[in-house]
Amino acid sequence: MQRQQIWWLLALTQLSCSRLELVAARSESTAGNAGSAGRPPLGGGGDSATGGKHDGGASGGSAGGAEKPPVPCDSGCDWPKHSCIAAQCISAPPGLAIQAGASSSCSLTADGNLFCWGAPWIASPNGSVAQQPIPLRISPTARWSEISTHGGEPHCAVRSDGNLLCWGSNRTGALGTGDLDDRYAPIPSKLKQPVAHVAVGASHGCAITLTHEAYCWGDGSTGQLGQGELASSTTPLAVAGLKQLQAITVGTAHSCALTGNGTIYCWGSNHRGQLGTTSPASSSTPQRVPGGPFVALSAGGNSTCAIAPNKDAWCWGDNADGQLGVGDFDSRTAPTRVLGLRKWAWLDLGDFFVVGTTTDGALWQWGGVANSNGIPDQTDLVFPQRVEAGPGWVRAAAGDRHRCAARDNGQVACWGDNYSGQLGSGDFAPREQPTIVVFP
C-alpha cells in the first residue's frame with residue numbers, strides 16, 4: 001500500500017530540521033471533534049541499540065539535549081540552513097539524516113554523502129537492479145543536502161548546489177523529469193530554480209525554492225498539485241498564492257506547506273479530513289489550516305501531523321489504525337492534540353503509523369504497527385509507546401512496514417519488515433527492535 005511519509009522539515013531550536021514538517025495548533029481551542037484530555041503514554045521500550053557509527057549521519061540535532069531558548073529572527077537566519085517561523089529562527093542542519101520509503105531507506109552524512117539501501121532503484125555497474133541489504137553510496141562524487149523517499153518508489157535529492165535530481169519509479173510523473181520513464185540513476189528534474197527543500201511521495205512531489213516558492217508535479221487527479229484543477233503534470237508547476245514558504249510535505253494525495261508566520265496550508269484530497277480545514281471538501285488550491293502558529297509538519301497516507309511551539313503534537317485526518325494518537329480510531333477533520341507527552345522534538349508520519357522523538361532523546365511510535373514486526377505484541381497503538389529510552393535519539397522516519405531512527409552520535413538504526421533489505425542489516429530478516437545499520 002502506498003505511503004507518503006511525512007517528512008519533518010524544521011523544528012524549534014533543539015528540533016533537528018528536515019523534511020518532515022511538523023506543525024500544530026498553539027492552543028487546544030483549535031482541536032477537532034476529539035477530546036484533548038491528557039493521558040500518560042503506554043510504557044515500553046527495549047535495550048539500547050549498539051553497533052557501528054555512521055559518521056555524522058545525525059549530527060547537528062540537539063533534540064536529545066537540554067532545551068534552549070528560542071532565537072529571534074534578527075539574529076541571522078541564513079536560509080535554507082535556518083528558517084524564520086513564527087518569529088523564531090529554526091535551525092536546519094544539513095539535510096535530512098534519515099528517510100524511509102515503501103521498501104527502501106536513505107541517509108545523509110554530515111559531509112554530504114548519500115546512502116540508500118533496500119530497493120533504492122539504483123543500477124549496478126553491470127546494469128542490473130538488485131535489492132541492497134547494505135547501504136549503497138549514491139553518486140559518490142556528488143555532495144547532497146537533502147533526500148526524500150516518502151511513501152513509494154520515487155526518490156528525489158537536493159545537491160549541495162541546489163539542483164534537484166530524482167530517480168526510481170515514474171509511472172505518474174513523480175520524478176518531475178518531463179516524461180513517464182523510470183530512472184535507475186539520479187537525473188535532473190525539470191525544476192530549474194535552486195531548491196531548498198523537497199518532498200516526494202508515491203505519486204507526486206513538491207519542492208520549495210530558495211525564493212520560498214512552491215512547485216509540485218506528478219499525479220494531480222485530486223488537486224494535490226495546487227493548480228486549481230484536477231490535472232497531472234510531468235514537469236514542476238508553481239503553486240499560486242503561497243509566499244515565504246519554509247517547509248513542505250506530501251501525503252498519498254494531498255500536500256501541505258508551512259509559511260514563515262507559522263501558518264499551514266493544505267490542498268488535494270480531503271476524503272479523510274487530511275487537509276484539516278474542518279470541511280470534508282477536497283481542494284485544488286491551498287486552504288488554511290485553523291490554529292497556529294506552527295513550527296514543523298509532516299504528512300503521510302491520508303493524515304497530517306504537526307508540532308506547536310510548546311512542543312505539543314497535533315494530528316488530523318485518517319485514524320483507521322490509531323495513527324493520530326488520540327486514544328481511538330475515529331478520524332478528525334481539524335488538528336487534535338496527541339495524548340500524553342507534550343515535549344515532541346521530531347515526528348514522521350507514514351501511511352499507517354507515526355514515529356517520533358522527544359526532547360529527552362527517547363524514541364516513540366504509535367498507530368498501525370501491527371504486522372510490521374516492530375513491537376512484540378503486534379497490535380495497533382492508539383497512544384504513543386516508547387520503543388527505546390533516551391537520551392540520544394534525535395530523528396525518526398516512518399516507512400511502509402519499517403522504521404528508521406538516528407542518534408546524536410551518528411548511529412542509524414532500523415526495525416520492522418525487511419523483505420527488500422530496507423533495514424540495512426545485511427540480510428532480509430525482520431527485526432522487532434532498532435538494529436544498527438552498518439555503513440561501508
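Trainee: How many disulfides does the structure hold?
Mentor: Six. Keep in mind that the model is predicted.

Trainee: Let's take C106. Which residue does a disulfide join to C106?
Mentor: C116, with an S to S distance of 2.1 Å. The pair links distant parts of the chain. C106 sits in strand β4, residues 104-108. C116 sits in strand β5, residues 114-118. They are ten residues apart.

Trainee: Why is that disulfide of C106 and C116 right-handed?
Mentor: Because the torsion about its S-S bond is about 105°.

Trainee: And is C106 buried or exposed?
Mentor: C106 is buried, because its relative accessibility is 0% and the cut-off for buried is under 20%. C116 is buried too, also at 0%.

Trainee: New topic. What do C156 and C166 form?
Mentor: A disulfide, with the sulfur atoms 2.1 Å apart. C156 is in strand β8, residues 154-159, and C166 is in strand β9, residues 164-168, so the link ties together parts ten residues apart in sequence.

Trainee: What is the angle about that S-S bond of C156 and C166?
Mentor: It is 105°, and the link is right-handed. Both C156 and C166 are buried.

Trainee: Now C206. Where does C206 lie, and where does C216?
Mentor: C206 lies in strand β12, residues 204-209. C216 lies in strand β13, residues 214-218. A disulfide joins the two, S to S 2.1 Å. The torsion there is about 105°, so this disulfide is right-handed.

Trainee: What relative accessible area does C206 have?
Mentor: 0%, so C206 is buried. C216 has 0% as well and is buried.

Definitions and conventions:
Residues are numbered from 1 along each chain as its sequence is written. This is a predicted model: local features need pLDDT of at least 70, side-chain atom pairs count only at pLDDT 80 or more; totals for chains, interfaces and linings use all residues. Side-chain values use heavy atoms; hydrogens and water are left out. A disulfide is a pair of cysteine sulfur atoms within 2.5 Å. Helices (H or I, at least four residues) and strands (E, at least two) are DSSP runs, numbered from the N terminus. Buried means under 20% relative accessible area, exposed over 50%, partly exposed in between (1.4 Å probe, protein chains only).
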